[in-house]
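Subject: Structure for you to take over

Hello,

Here is the structure I am handing over to you. Please look through it first; notes on what was found follow below.

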Amino acid sequence: MNEILRKKRLAQGITLFEVKNELIAAKAKPGQFVIIRLKEKSERIPLTLQDFNPEKGVINIVFQVVGKSTKELDQLNEGDKIKDIAGPLGRPTEIENFGTVICVGGGVGTPEIYPVARGLKNSGNYVISIIGARSKEFMIMEEEMKAVSDELHITTDDGSYGKKGFVTDALKELINNNKKIDRVFAVGPVVMMQAVSETTRPYKIKTLVSLNPIMLDGTGMCGVCRVEIGGKTKFACVDGPEFDGHLVNYELLSKRLNTYLKEEKEAVELFEKTCKEGCNG
Ligand SMILES: Cc1cc2nc3c(=O)[nH]c(=O)nc-3n(C[C@H](O)[C@H](O)[C@H](O)COP(=O)(O)OP(=O)(O)OC[C@H]3O[C@@H](n4cnc5c(N)ncnc54)[C@H](O)[C@@H]3O)c2cc1C
Ligand code: FES
């Protein structure tokens, strides 16, 4: 259980792990996540399920190296074991035949939107996907997204691949082409999800975003993951992580995500000084 069967570098600082876990693979649904701990006293890391295969008993996670715990996670290799994985957590994405849907993935949000796009495609929707990255070298999961989409649009901030611009530019173009869009799903950085929501708001297109506040227990007990939705407090781990993008208080979410910047920087510095290699052994 929890053995890493495959490690694949998708782009610089972005890694995919295929992990053995029959119990989670049997129950997982699109939009759900897991919380992992590398060792007994490690920090908990919430990560969305990029894929799951009940027949093989495996789950996939894709993570971006941003701080101490993800650096440490990235040091694991095929054959290593993750101490524990809790999940599947969170409410699954509501998937039915809505008609025409747009799935927007930005950066490491693309692997997160992939099972949602696949579920929507399998339910008979016409799936238009838009995936974006900073530049060509950070574009990930293109083939996988193509396989589950009727249309795939690609943007890069610097124009090195696909269309130059943001995912919201492609989204605006699609909406202005008078195509009737029944629902939009977006996963990515907070600023991107906010921009997607502002793009669809005037057109009253229902927009679901997957929020990523700091989480601790993942079971609704600690309150760390609280977010404000339509003026009401919700816990992203049990009430979400998906919410109506037009109701999210994005300023509060960003502020709360930045609460521990000083401590996070110190943790990375200490880690780099003391555990550059082999700290998981
Ligand atoms: C439901 C959910 C699903 C997620 N799915 C993915 C995913 O599929 N791929 C991926 O790369 N990242 C995902 N994240 C974000 C990921 O959990 C954080 O990047 C990771 O915990 C950072 O840990 P760190 O020690 O490496 O970085 P730190 O230096 O500790 O933190 C860097 C930044 O990450 C965020 N962060 C820190 N601790 C947590 C925490 N416990 N929970 C959430 N955010 C935190 C904060 O914004 C912080 O400023 C998800 C977060 C949530 C809540
Ligand atoms: S993480 Fe503790 S209540 Fe959600």
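**Domains**

The C-alpha centres of domain 1 and domain 2 lie 21 Å apart. The domain assignment places domain 1 at 4-89 and domain 2 at 100-257; such bounds come from an automatic or database domain assignment. Domain 1 gives 19 residues to the contact and domain 2 gives 17 residues, where contact means heavy atoms within 4.5 Å.

This is a predicted model, in which local features need pLDDT of at least 70 and side-chain atom pairs count only at pLDDT 80 or more, while totals for chains, interfaces and linings use all residues. Residues are numbered from 1 along each chain as its sequence is written, chains are lettered from A and ligands numbered from 1 in the order in which they are written, and side-chain values use heavy atoms, with hydrogens and water left out.

**Sheet**

Six strands form an open sheet in the order β1-β2-β5-β4-β3-β6, with antiparallel pairing. Strands (E, at least two residues) and helices (H or I, at least four) are DSSP runs, numbered from the N terminus, and two strands pair if DSSP finds at least two bridges between them. At the edges are β1 (4-11) and β6 (84-89), each pairing on one side only. Strand β3 (residues 33-37) is joined to β6 by four bridges, and Ile 35 stands opposite Ala 86 in β6. Helix α3 lies across β4 (45-53) and β5 (58-64), at about 40° to β4; axes are lines fitted to C-alpha atoms, for helices over the stretch in contact, and angles run from 0 to 180 degrees between N-to-C directions.

**Cavity and pocket**

On a 1 Å grid over the protein atoms alone, a cavity is a set of points where a 1.4 Å probe fits but cannot get out; a pocket is an open set with protein on both sides within 12 Å along at least five of seven lines, and lining residues have an atom within 4 Å of a point. Grid points are joined across faces, edges and corners, and a volume is the space filled by probe spheres set on the points.

Residues lining the largest cavity include Gly 31, Thr 48, Glu 112 and Phe 185. α3 (109-122), β11 (183-187) and β12 (207-210) each give two or more residues to this lining.

The second largest pocket has a volume of about 230 Å³. Strand β15 (residues 242-244) gives the most to its lining, with three residues.

Regards
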